[in-house]
Amino acid sequence: MFAQLLAMTDTRHLDTGLIDGLLAAGPPAVRAAAALAIGQVGREQGMPGAARLRALLRDKDAHVAANAAYALGLLRDSASIDALAEALTPVPAVAHEAAWALGEIGAPARNALTRALGFSNDDGTTIQLLLASAKLRPVPIASVRRYLSAADPAVVWAAAYAIARQRAPAGIRDLIELERSPRARQVSRPGKPAIPAPYDTASIGAAQIRAEIARALTKSVAGDSLGSVAFSVLARLAVDPNAHVRIN
């Protein structure tokens, strides 16, 4: 069964008969692989399977539903935005992939992402939503800003990353203020895997936050109004104890 799916994805040809059969009768691992394969054949070939993937977002097996969300992200299917938004809340494993998928869809999913950032209360899902929002142009600073004061340093890092990735001018003052705050100076809480795969690390904390701040503070973004303040921040970060911060 797995060999058939591999052959299908290698040839970039959606075999609906194979997929339907595996989804109907296969064990959970096979059904999850079949859902993923719909996205892996590519957008042009896989789009006829998007409706099936939307239905699988409600599958009782979380692995199947999560793979369906991921596959919809591979297809960048804007018709699935509402279904992916509904998948953000019930099961964290599915919600994380749904957030990623919305980020892959991009601009058409802006409203869904900003709405979700307004009510997210799960740190792992919030992190994925922030990382997804970093792909939007422009970054929705008003929705991201509130998370710069979050209790979890990994959430603060994700918010800083969203601003720094595109060096969004509207968020530069926020990052300058963040550098002065205890959140950018505190020691990481050991053993807390706040960021879900593929961002799973217990070491995310103040140093990574400072690294994002350093990355964002360029002359073109700070401009004349914040240039001198930004330079002072960079002067401190240039002698930071953490090498990655100094490099940035």
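At what angle do helix α13 and helix α15 pack, and how far apart are their axes? Hello everyone, let me start there. Helix α13, residues 172-179, and helix α15, residues 219-237, pack at an angle of about 25°, and their axes are 11 Å apart. An angle under 35 degrees counts as roughly parallel, so α13 and α15 are roughly parallel to each other. Their crossing is left-handed.

Who takes part in that meeting? From α13 we have Ile-172, Arg-173, Ile-176 and Glu-179, and they meet Val-221, Leu-226, Val-229, Ala-230, Val-233, Arg-236 and Leu-237 in α15. Sorted by class, that contact holds eight nonpolar residues, no polar ones and three charged ones.

Now let me step back to the whole chain. Please keep in mind that this is a predicted model. The chain has 248 residues, and buried residues make up 51% of them. Its secondary structure comes to 16 helices and zero strands. Along the principal axes, the C-alpha atoms fill a box of roughly 65 × 35 × 35 Å. If we take the contacts with a separation of 6 or more, 65% of them are between residues 24 or more positions apart.

Helix α1 covers residues 2-11, and Leu-5 lies in it. Is Leu-5 buried or exposed? Its relative accessible area is 5%, so Leu-5 is buried. Leaving out residues up to four places away in sequence, Leu-5 touches Leu-18, Ile-19, Leu-22, Val-30, Ala-33, Ala-34 and Ala-37. Have a look at Asp-15 as well: Leu-5 and Asp-15 are ten residues apart in sequence, and their C-alpha atoms are 8.8 Å apart in space.

Some of those partners of Leu-5 bring us to the next helix. The axes of α1 and helix α2, residues 16-25, come within 11 Å and cross at roughly 145°. This crossing, of α1 and α2, is left-handed. The contact is made by Gln-4, Leu-5 and Met-8 on the α1 side, with Leu-18, Ile-19 and Leu-22 on the α2 side. In that contact of α1 with α2 there are five nonpolar residues, one polar and no charged.

In soluble globular proteins, nonpolar side chains tend to be buried together. Here the largest nonpolar core has 87 residues, and the ones that touch the most other members are Leu-5, Ile-19, Leu-53 and Leu-84. Which helix gives the most to this core? That would be α12, with ten residues. As for Leu-53, its contacts beyond four places in sequence are Ala-35, Ile-38, Ala-68, Ala-71, Leu-72 and Leu-75.

Next, another helix pair. Helix α6, residues 62-75, packs against helix α8, residues 92-105, at an angle of about 5°, with the axes 8 Å apart. That angle makes α6 roughly parallel to α8. Twelve residues of the contact of α6 with α8 are nonpolar, one is polar and two are charged.

Moving on, how many of the eleven residues of helix α10 are buried? Ten of them are, so α10, residues 123-133, is largely enclosed by the rest of the structure. Among its buried residues are Thr-125, Ile-127, Gln-128 and Leu-130. What they pack against is α8, α9, α11 and α12.

Now we come back to α13, where we began. This helix is mostly covered, with six of its eight residues buried. They are Ile-172, Asp-174, Leu-175, Ile-176, Leu-178 and Glu-179. The elements covering them include α11, α12, α14 and α15.

Asp-240 sits in the loop between α15 and α16. Its relative accessibility is 3%, so Asp-240 counts as buried. Which residues is Asp-240 in contact with, leaving aside its neighbours within four places in sequence? They are Arg-185, Arg-210, Val-245 and Arg-246.

How values were computed
Residues numbered from 1 in each chain as written. Predicted model: local features only at pLDDT ≥ 70, side-chain atom pairs only at ≥ 80, totals over all residues. Heavy atoms only, no water. Axes fitted to C-alpha atoms, helices over the stretch in contact; angles between N-to-C directions. Helix = DSSP H or I, 4+ residues; strand = E, 2+ residues; numbered from the N terminus. Parallel < 35°, antiparallel > 145°, perpendicular 65-115°, else oblique. Nonpolar A, V, L, I, M, F, W, Y, C, P; charged D, E, K, R; others polar. Left-handed = near helix turned anticlockwise from the far one by under 90°. Contact = heavy atoms within 4.5 Å. Buried < 20%, exposed > 50% of the residue type's maximum accessible area, 1.4 Å probe, protein only. Core = buried A, V, L, I, M, F, W, Y, C linked by side-chain atoms within 4.5 Å.
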